[in-house]
Amino acid sequence: MSLFSRSDLHDWLNNVDGPAALFTRQGRFMNSNLAYDALYRKVSIDPLLMSLLDPDCAFRASKAVRRGQTLDETNGSTRIRVSQIGAMALVRVTVVHPIVESIPTQRLSDTSPNIIPPEPAITTSLVKSLSRLIGEVPIGFARLDCRDARHAIIQEANPAFCRITGASVGSKLSDLVMAANAEDLDRLGVGIQSAVELDLVASGGQACEGWLLSDGDDGAALLLIDVSSRRDMEQRLAQTSKMQAVGQIAGGVAHELNNFLLVITLNCDALLARHPVGDPSYGELQSIQNTSSRAAELVKMLLAYARKQTFRRDILDVGSVLTEFAVLMRQVLDERIDFDITHGRDLPNVRADKQQLETVLMNLVTNARDAVLMSGKGKGSVTVRTRRATSQDVRVALKDHTIAHLEDMDWVMISVEDTGIGMPGEIANQIFEPFFTTKEQGKGTGIGLATVYGIIKQSGGFIALDSVPNEGTSFHVFLPAASPDEIGGQMPAPVPAPADARPIDLAGRGRILLVEDEEGVRNIACRLLTQRGYQVTAAADGEEALEILEHEPDYFDLVLSDVVMPGLDGPSLLKAAKPYLGHARVVFMSGYAEQDFAQTLEDERSISFLPKPFTLAQLAERVKMELAAV
């Protein structure tokens, strides 16, 4: 790591006497002064040394560079000097000339032809330049009275060292390090090139990397670099990786659970049709059905957290969605809680899934309600605010969290504020993790806010929070504004059919190709549809379905296909089978949204989607409605 910025480094090198260049420990060229540039090429260390020195000397010099050692050796008419500057090697190459004028002729025959001239004196300007650079660099530098880091006293220090450590001249080095990590000082030694991590007392455990350098015969100098930001970034990256891994597991588990629940639900519906109200088995069957429904809701939450929810995004007016949904939100609040919605002016439209946006709002409002009731104040308020925001507002709301490649654009900010119990920082940092909850046993699953986080991220947005213990919490949701092209090219959102338009007679006629890799789902769905009068042909995967369609083109009225299948999946099947579909309608079944399917669903607005797990009535209704449109 370089001690200086690139411009300061170049200035410093130009003040070094003679040709000089800096190389990394791997031998890669980094920088050089003008004298070096005039004589040598900017190549890595080995080609340079082999062109100037004999092989043995070149090997020793290369070894010194790579191992962080010092070297001063003359080979023929070339003097090579290697010294260490931080984690880099300073290499100086000079041509040696005998000083004939200053040495009597009779002595030349008695001495080596390679006479090394005396070192030139260090100029005053170089001393001033180095002093200025050491004083201004953001790297801590201190001179110590001895090389034993445990007992060393700080004799001199630059401003950066004092700022990083909070220490001053005369302080004992061991007093700057946290007591629990004092043994790390024992690993500091002159010539040890790997950095030693030190946790300092200042700022409650500030992380630094330190190197101990030689200073004269017995003295030492400590080089200190603040790596707190890097360590924090590494921890956040590790946390993100952990959350992604959990998300992948949750998505895979939810996909399998959906299929299991679908088999349970359809078989239960079939049994309920034969055991109506009054039958001795009706109560047990109804209990199975209710439990399956609760499990299906939990699976949906897992999919939302894993960002595998199936989205069908439309252009939405956030103000209208909130006003319409406010009626339901007021019903879930306690009469002791004042509820208010305040809309900002000139809100841009967003491209989002309305149902998922409502899920976000319901989770945030119910959590705000619970926080107010837990505060013990007897009353409180929950306020929902909207306003137009900028990318800078997003950066400020997310505080110190780095956002890569956040372009300048408009956003809609939805804030849910409460006057509840609030939360300390350590809880706020975990609040979006799955199955983390502050509620009592049995009063929360810990998946609600994780679901919110997944939905917002899958929508391309961000969520942040501000919380003060015993005062309240504010959640801020940022959704990107829809672009003019999206607004102009977006077809109107489909209008849901009124409740009385649903078919009552669920029997029908038509030829259906059912594509499902899960045998249990395939068998029960085939049997139930066949019982209602349909001609059903089953395929166990996409390849088999494509063969059937190729053999009987334009034959089927409806293709009912799973999305995620081994080999040829649903979207790929649709693409390959288009020449053979004819007038056939297409319905995709899934609870798991792969990215290519999500894009296909949004692009192909005529494709119908049936989320898993579904009931027998939902399956029969969808089939009859689709066949009626053929």
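How many disulfides does the structure hold? The structure holds zero disulfides, a disulfide being a pair of cysteine sulfur atoms within 2.5 Å. This is a predicted model, in which local features need pLDDT of at least 70, side-chain atom pairs count only at pLDDT 80 or more, and totals for chains, interfaces and linings use all residues. Residues are numbered from 1 along each chain as its sequence is written, and side-chain values use heavy atoms, leaving out hydrogens and water.

**Overall make-up**

- The chain has 20 helices and 22 strands. Both are DSSP runs numbered from the N terminus: helices are H or I with at least four residues, strands are E with at least two.
- Of the chain's 630 residues, 45% count as buried. Buried means under 20% relative accessible area, exposed means over 50%, and partly exposed lies in between (1.4 Å probe, protein chains only).
- Among contacts with a separation of 6 or more, 61% join residues 24 or more positions apart. Contact means heavy atoms within 4.5 Å.

- Cys 57 is buried, at a relative accessible area of 0%.
- Cys 162 is partly exposed, at 27% relative accessibility.

**Nonpolar core**

- The largest nonpolar core has 39 residues. Such a core is a set of buried Ala, Val, Leu, Ile, Met, Phe, Trp, Tyr and Cys residues joined through side-chain atoms within 4.5 Å.
- Met 329, Phe 339, Leu 364, Val 384, Ile 414 and Val 477 touch the most other members.
- Helix 11 (residues 354–374) gives the most to this core, with eight residues.
- Leaving aside residues up to four places away in sequence, Ile 414 touches residues including Leu 357, Leu 361, Val 384, Arg 385 and Val 477.

- Five strands form an open sheet with antiparallel pairing, in the order 7-6-10-9-8. Two strands pair if DSSP finds at least two bridges between them.
- Strand 7 (154–157) and strand 8 (196–200) are the edges; each has a single partner strand, so one side of each lacks a neighbour in the sheet.
- Neighbouring strands of this sheet are turned by 35° against each other on average, direction ignored. Axes are lines fitted to C-alpha atoms, for helices over the stretch in contact, and angles run from 0 to 180 degrees between N-to-C directions.
- Strand 6 (residues 140–144) and strand 10 (residues 219–226) run antiparallel, joined by five bridges.
- Phe 141 stands opposite Leu 223 in strand 10.

**Parallel sheet and its helices**

- Another five strands form an open sheet with parallel pairing, in the order 19-18-20-21-22.
- Strand 19 (535–539) and strand 22 (608–611) are its edges; each has a single partner strand, so one side of each lacks a neighbour in the sheet.
- Here neighbouring strands are turned by 20° on average, direction ignored.
- Five bridges join strand 18 (residues 511–515) to strand 19. Val 515 stands opposite Ala 539 in strand 19.
- Helix 16 (residues 519–531) packs on the sheet and touches strand 18, strand 19 and strand 20 (558–562). Its direction makes about 170° with that of strand 19.
- Helix 17 (residues 542–551) lies across strand 18 and strand 19, at about 130° to strand 19.

**Helix 14**

- Eight of the eleven residues of helix 14 (residues 448–458) are buried, so the helix is largely enclosed by the rest of the structure.
- The buried residues include Gly 448, Leu 449, Gly 454 and Ile 456.
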